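Visitor: Please show me the structure, and then let me ask about it piece by piece.

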Amino acid sequence: MADKKNLRTPIVCVMGHVDHGKTTLLDKIRGTAIVSGEAGAITQHIGATEVPIDVIINKLGDPRLRDRFIVPGLLFIDTPGHHAFTTLRSRGGALADLAIVVVDINEGFKPQTYESLQILKRFKTPFVVVANKIDRIGGWVSQKDLPFAATFKKQSEDVQARLETKLYEVIGELYNQGFAAERYDRVTNFQKTLGVVPVSAMTGEGIPDVLMVLLGLAQKFLEANLHYSAKGPGVGTVLEVKEEKGLGATLDVILYDGTLKKGDTVVIGSLGKPIQTKVRALLKPRELSEMRYESKFKQVNKVTAAAGVKISAPGLEGALAGSPIRVATEETLDEIAAQVKSEIDEVRIDTGSVGIMIKADTLGSLEALVHEFQKDDVPIRKAEVGDISHRDAIEASTVEDPLYSVVIGFNVKVHPDARDFLQESTVKVFTSDVIYRLVEDYQKYVKEQQE
Ligand code: GDP
Ligand code: MG
């Protein structure tokens, strides 16, 4: 077994359709963990929350479980919007080691549910499905914070049957998407079968079960990924580039490997040459008890993976959300700059011949879009991170074939001068914050053109 001290915390991402309960679930996990004893044991990171293993075990109520897990805890990413997962990439593919897909058991699958599943399948990320809002099933009598089996037993036969019917609709949908799934307590091999946990994020019913399944998945993940460690030079992913009062441009980063220190030289991806700069300050959120301070942040000297941290440094303005950030030394600087550049070039495509134009908000979402369109054999002429500019509009208008005189925009703005230009032109523009919808809309457009 690997040295326990250097194991890093697995990163968990919560995905699913808007309003199906992602935020409520995360709040519940956080809240449950806080009330379960050790206040302060929860560490609030920038963009993430860390729940240590002891807090989870405590919640599960069986201390014997302690020895079964070598995981130091779980780092939950606080999804800053429903497009977040696509931002969350790392050298290996997905930044998240594990995921939770939340689906409203009463509403069933929606576009972003499908999208989440496609992304997870592509990156082979282990995940658990939460069939949420069971308290809304007709006749359900809520039993606050109880594990699923215990609350299920207390329901009438009718209600139990209703839950099973809805649950197996979810399981059927998963099957249609290519996943063998089962109610999690009926799964014998989580490598082969996806576990579905009936939950109420509102009342906390089923939350212990979700944590249990996650720990099981985390354990498997760690066994397969022991090369990740808290030691060595830091490697991370930029979640967001944010303007902060008094600090200028800062980066919210999830560090997924190694250690990052104040004063370190770092290389960050940008649209042009990678940025090379020195970390001026590493910032973490203040604890609630320290709120008397004027600043929301406190400085730390170093952070160790996995962690979320804000970086203040000169020259961060052009940094790209979704791009890598790597610690370098004088000797490794050139090599690391080249590495970062190639990681970004892999995503950018600019063939200069025929095809559509794609603009997206982050590298990860751009990559996901390019992948989806290429799967459909749609040629792409240009794919770039950024808003739709006047220049983009002009460029698209020079394309004669109406099938390719198209701009696809994911989570981006159309600049006012571009908008004016586009209104007068024949360029077709599709914008959305759902990848799936952009692909569908484009397919529909192509069909119409061909009729
Ligand atoms: P998100 O968009 O996926 O983050 O969804 P939210 O967590 O914001 O939840 C959307 C709405 O559903 C909110 O009004 C929540 O209070 C409600 N909600 C979330 N989980 C549950 C649940 O388990 N039961 C019930 N009854 N409502 C829920
Ligand atoms: Mg939310």
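Visitor: In which strand is the place of Glu244?

Guide: This is a predicted model, where local features need pLDDT of at least 70, side-chain atom pairs count only at pLDDT 80 or more, and totals for chains, interfaces and linings use all residues. Residues are numbered from 1 along each chain as its sequence is written, chains are lettered from A and ligands numbered from 1 in the order in which they are written, and side-chain values use heavy atoms, with hydrogens and water left out. Helices (H or I, at least four residues) and strands (E, at least two) are DSSP runs, numbered from the N terminus. Glu244 belongs to residues 235-244, which form strand S11.

Visitor: Why does Glu244 count as buried?

Guide: Buried means under 20% relative accessible area, exposed over 50%, and partly exposed in between (1.4 Å probe, protein chains only). Glu244 counts as buried because its relative accessibility is 12%.

Visitor: Which side chain does Glu244 join in a polar contact?

Guide: A polar contact is a pair of N or O atoms within 3.5 Å; within protein, one must be able to donate a hydrogen and the other to accept it, and residues adjacent in sequence count only if both atoms are side-chain atoms. Contact in general means heavy atoms within 4.5 Å. Leaving out residues up to four places away in sequence, Glu244 touches Thr250, Lys296, Phe297 and Lys310. The polar contact, 2.8 Å, is with the side chain of Lys310.

Visitor: Which residues come nearest to ligand 1?

Guide: A residue is near a molecule or strand if one of its heavy atoms lies within 4 Å of it. There are 15 residues around ligand 1. Helix H1 (residues 22-35) gives the most to this shell, with three residues. The nearest are Asp19, Lys22, Thr23, Thr24 and Asp135.

Visitor: How many residues of the shell around ligand 1 are charged?

Guide: Ala, Val, Leu, Ile, Met, Phe, Trp, Tyr, Cys and Pro count as nonpolar, Asp, Glu, Lys and Arg as charged, and the others, Gly among them, as polar. The shell has three nonpolar and seven polar residues, and its charged residues number five.

Visitor: How much of the area of ligand 1 does the protein bury?

Guide: A backbone N or O atom of His20 lies 3.4 Å from an oxygen atom of ligand 1. A polar side-chain atom of Ser200 lies 3.3 Å from an oxygen atom of the ligand. Accessible areas come from the Shrake-Rupley method with a 1.4 Å probe; for residues, only the protein chains shown count as cover. Taken alone, ligand 1 exposes 570 Å², and the protein buries 77% of that.

Visitor: What share of the protein chain's residues counts as buried?

Guide: The protein chain has 12 helices and 25 strands. It exposes about 20100 Å², with carbon and sulfur atoms supplying 50% of that. Of its 451 residues, the buried share is 55%.

Visitor: Is Thr125 buried or exposed?

Guide: Thr125 lies in the loop between helix H4 (111-123) and strand S8 (127-132). Leaving aside neighbours within four places in sequence, its contacts are Ala94, Ala96, Asp97, Leu98, Ala99 and Leu120. Its relative accessible area is 7%, so Thr125 is buried.

Visitor: What is the phi of Asp145?

Guide: Asp145 lies in the loop between S8 and helix H5 (148-153). Its relative accessible area is 24%, so Asp145 is partly exposed. Although Asp145 is not a glycine, its phi is positive, about 60 degrees.
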